Amino acid sequence: MLDDFFIRALIAGIGVAIVAGPLGCLVIWRRLSYFGDTLSHSALLGITLAYSFSINISLSVFLISGIVAIILINLQKRTKLPGDALLGLLAHSTLAIGLVIIGFLSFIRFDLMGLLFGDILAVNIEDIFVIWLGGLSILGILFIIWKSLFAATVSYDLAAAEGMKPDRSNLIFTLLLAGVIAISIKMVGVLLITGLLLIPAAMARNISNNPQQMIILSILGGILSVVIGLFCSLEFNTASGPTIIVVALAFFILSLFPLKKSTSLQK
Amino acid sequence: MNSLIKLENAGVFKSSKWLVRGVSLEIYNGQIVTLIGPNGSGKTTTAKMVLNIYNTDEGLITNNANKIAYVPQKINIDWTLPLRVIDFMKITSLIDNSKILESLTLTGVEKLLYHEVRDLSGGEFQRVLIARAIAKKPDLLVLDEPVQGVDFNGEIALYKLIKNISDTLNCGILLISHDIHFVMSATDHVICLNGHICCSGTPSSVAKDPAYIKLFGEYTSSTLSLYEHHHDHSHQHDGSISE
């Protein structure tokens, strides 16, 4: 039983998974999972602003997440608070501000569950365009800055010393992260986006021994999670976001045991 | 001849104090300049100024080096990053596999090419770091305690290799080292740091400098003169090995 909305959700979901793969790997390598969480929490504020001023949700989420990311980078330089405290501060205050604003916008009916956990029914043709065009631009920019970004991921000092301009690519990467959150917010929702970034990448880490391999496996894991997750969501009438994440988790658990042994034997 | 890098009265101010200030130095092709000094004297900070990792808060830096390679004092590669030695060798520039193998052979770790970096021992990783820097064929090579954690025989061989590289590539080398024998026998210019430049010059002149003796005490100074005596009677290249 395939409906139009389901085809749309599949196309959108696969687009998100392809972009989430490489960015998720970088998030894991750079220990940025809480950073991703903070950006996605702030996305709720972006959504409410989009409704308030009737602008595109993805655009508004990208702007707010981007601004939060830049505030965070500057706060880290200026205060003595540790990074995780700053992340918590920004994550929860932006989430709270978003929820307070929702309270004021009583004239709009919000599907709060949809915002927090994603809603496949909500994906329309415009969203598919945003996801694929946005996703391709994100991947294109990532490809251009890859060398510098990867060197900076391995060692900031080495990258800086050998002329790779790590500060610039770190900043661009942060904005790309805001971008991927912006395009996937409707699919997976505010609370679970980091999961879609992290879990396939974590699964891929268990079964790969070089960076390229980990990225490819994480893209494949993401696509499979989205496809199987959406089918399950349709079948069992569950929310799409959590179902996708549960499937991704199942892949992660699978990757922990038998595959690792067989790949290490091959090598 | 232009210097590869020139620092004039440079200093770095961080966390409301000067980490180092008033540093002037120049490095030319084929020259080995060493920084010595106690812990916290600003050796690594000075290296990072040369490498443009730190911005200087005073003073002037003129950089004419085209290709710089760096062996940092420490580097933490996150275990979540699956990185083999061969991937690590290519992180800042594309290098042929044959050249990678060649320089790994020079540092004695060619067998580790496909090993994951996080499985290496400290000494093995140090050898990989040096090999990576050599493979780049730099104009300017900055080595921050390059042989830490390397076994005794390996240490001697690696210092010999460093001397060799300076001769064959004709690159400038800035070295931070605690190995006073190597510093005194194989380097061209010694800078003794302690938050500022205490003294500098040729190894033999630094060894006699009262500021040096005050900083390092009688012991090193006497080992040094002992060593120098030996050095006077042997050939240049044997210096690093001795006995």
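This is a predicted model: local features need pLDDT of at least 70, side-chain atom pairs count only at pLDDT 80 or more; totals for chains, interfaces and linings use all residues.
**Where the chains meet**

Let's begin at the contact between the two chains: 22 residues of chain A are in contact with 20 residues of chain B. On the chain A side, the elements that each give two or more residues are helix 1 (4–29), helix 6 (125–154), helix 7 (156–161) and helix 10 (211–236). Helix 7 of chain A supplies the largest share of that side, with 5 residues. If you sort the chain A residues that touch chain B by class, you get 12 nonpolar, 6 polar and 4 charged.

**A helix pair in chain A**

Now for a pair of helices in chain A. The axes of helix 2 (residues 33–52) and helix 3 (residues 57–78) of chain A come within 7 Å and cross at roughly 135°. Because of that angle, helix 2 of chain A counts as oblique to helix 3 of chain A. The crossing of helix 2 of chain A with helix 3 of chain A is right-handed.

Who does the touching? On the helix 2 side of chain A, the residues include Leu39(A), Ser42(A), Gly46(A) and Ala50(A), while helix 3 of chain A brings in residues including Ile57(A), Ile64(A), Val68(A) and Leu72(A). The contact of these two helices has 13 nonpolar and 5 polar residues, and no charged ones.

| Helix 2 with helix 3 of chain A | 13 residues | 5 residues | no residues |

**A sheet in chain B**

Over in chain B there is an open sheet of 3 strands, in the order 2-1-4, with antiparallel pairing. Strand 2 (17–27) and strand 4 (58–63) of chain B are at the edges with a single partner strand each, so each has one side without a neighbour in the sheet. On average, neighbouring strands of this sheet are turned by 25° against each other, direction ignored.

Strand 1 (residues 5–14) of chain B pairs with strand 4 of chain B over 5 bridges, and Ile5(B) has Asn63(B) in strand 4 as its bridge partner. Helix 1 (residues 43–50) of chain B packs on the sheet and touches strands 1, 2 and 4 of chain B, with its direction at about 120° to that of strand 1.

**One residue up close**

Finally, take Leu35(B), which lies in strand 3 (residues 32–36) of chain B. Is Leu35(B) buried or exposed? Leu35(B) is buried, because 28 other C-beta atoms lie within 10 Å, and 20 or more is enough to count as buried. Leaving out residues up to four places away in sequence, Leu35(B) touches Lys43(B), Thr46(B), Ile176(B), Ile191(B) and Leu193(B).

Key. Residues are numbered from 1 along each chain as its sequence is written. Chains are lettered from A and ligands numbered from 1 in the order in which they are written. Two residues are in contact if their C-beta atoms, placed from the backbone, lie within 7 Å. Helices (H or I, at least four residues) and strands (E, at least two) are DSSP runs, numbered from the N terminus. Ala, Val, Leu, Ile, Met, Phe, Trp, Tyr, Cys and Pro count as nonpolar, Asp, Glu, Lys and Arg as charged, and the others, Gly among them, as polar. Axes are lines fitted to C-alpha atoms, for helices over the stretch in contact, and angles run from 0 to 180 degrees between N-to-C directions. Angles under 35 degrees count as roughly parallel, over 145 as roughly antiparallel, 65 to 115 as roughly perpendicular and the rest as oblique. A crossing is left-handed if the near helix is turned anticlockwise from the far one by less than a right angle, and right-handed if clockwise. Two strands pair if DSSP finds at least two bridges between them. A residue is buried if 20 or more other C-beta atoms lie within 10 Å of its own, exposed if 12 or fewer, and partly exposed in between; C-beta atoms are placed from the backbone.
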